[in-house]
Amino acid sequence: MSEQLPGHVDNPVMEHTDSIDIAAPPSKVWGMVTALDRYGEWSSENTGGYWRKGPDGEPGTGQVGDMFVGINRLDGEEWKAPVEIIRRAENEDFAFVTGGLEYNIVLWRYQLAPNGDGTTLTEKWTLRKLSPRMVEHGQGEVDQRAHNARTSIRATLEAMKAAAEA
């Protein structure tokens with residue numbers, strides 16, 4: 001699964017990867033990973049969101065090209081982050097980019113691998129380029145976003161594990 005995804009950058013600003021073993025089959029974990037509107041149940045930062053309507057007037061469902069608006073809240077601040085689905089390989093690989101490919105700010109990627117009767121779930125965060133806020137506020141903002149990503153990834157993986165194994 002090392003092929004280049006849409007929007008690939010040769011030298012990302014930074015990245016972080018974390019994994020967890022889950023005692024549930026990939027199909028069950030996949031159902032959670034692709035349910036972006038349910039991330040509020042697992043994330044320490046994301047509170048959920050909604051699928052944008054496509055050109056046909058129908059809301060997205062998580063297929064490549066669909067757009068989702070995530071609603072995030074941290075330290076009393078709330079913001080929305082549009083993402084575009086850029087990879088969907090059933091029960092294996094799901095990825096989306098903050099800002100869509102137009103802005104290509106952060107790649108979020110979930111990879112699932114069978115592990116006995118369970119699944120190893122890997123979440124990867126790749127800061128492809130600085131957001132306008134990061135540019136405006138400097139390295140402190142970049143460091144804070146990276147810290148938030150590491151914390152949120154671990155919380156999300158642990159909460160998905162607990163939910164899948166319940």
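Student: How much space lies in the largest pocket, and what makes a space a pocket?

Tutor: About 960 Å³ lies in there. This is a predicted model, where local features need pLDDT of at least 70 and side-chain atom pairs count only at pLDDT 80 or more, while totals for chains, interfaces and linings use all residues. Residues are numbered from 1 along each chain as its sequence is written, and side-chain values use heavy atoms, with hydrogens and water left out. On a 1 Å grid over the protein atoms alone, a pocket is an open set of points with protein on both sides within 12 Å along at least five of seven lines; a cavity is a set where a 1.4 Å probe fits but cannot get out. The volume is the space filled by probe spheres set on the points, which are joined across faces, edges and corners.

Student: Which residues lie nearest the centre of that pocket?

Tutor: Glu-45, Asn-72, Trp-79, Ala-81 and Arg-145, out of 41 lining residues; to count as lining, a residue needs an atom within 4 Å of a point. The lining splits into 19 nonpolar, 12 polar and 10 charged. Nonpolar here means Ala, Val, Leu, Ile, Met, Phe, Trp, Tyr, Cys and Pro, charged means Asp, Glu, Lys and Arg, and the others, Gly among them, are polar.

Student: Why are E3 and E4 called paired?

Tutor: DSSP must find at least two bridges between two strands. E3 and E4 have 8, running antiparallel, so they qualify. The hairpin has 2 residues between the strands, and Asp-75 in the turn has a positive phi of about 50°.

Student: What about E4 and E5?

Tutor: Those two share 6 bridges, also antiparallel, among them Val-83 with Thr-98 and Arg-88 with Phe-94. Their hairpin has 3 residues between the strands, with Asn-91 at a positive phi near 60°.

Student: What order do the strands take in the sheet?

Tutor: E1-E7-E6-E5-E4-E3-E2, an open sheet of 7 strands with antiparallel pairing. E1 and E2 are the edge strands, each pairing on one side only.

Student: What makes residues 139-165 helix H4?

Tutor: Helices are DSSP runs of H or I with at least four residues, strands are E runs with at least two, and both are numbered from the N terminus. H4 lies across E1, E3, E4, E6 and E7, at about 15° to E1. Angles, 0 to 180 degrees, are between N-to-C directions of lines fitted to C-alpha atoms, for helices over the stretch in contact, and contact means heavy atoms within 4.5 Å.

Student: How do you know that Lys-124 forms a salt bridge with Glu-15?

Tutor: A side-chain nitrogen of Lys or Arg must be within 4 Å of a carboxyl oxygen of Asp or Glu. The closest N and O atoms here are 3.7 Å apart, so the pair passes. Lys-124 is in E7 and Glu-15 in E1, 109 residues apart.
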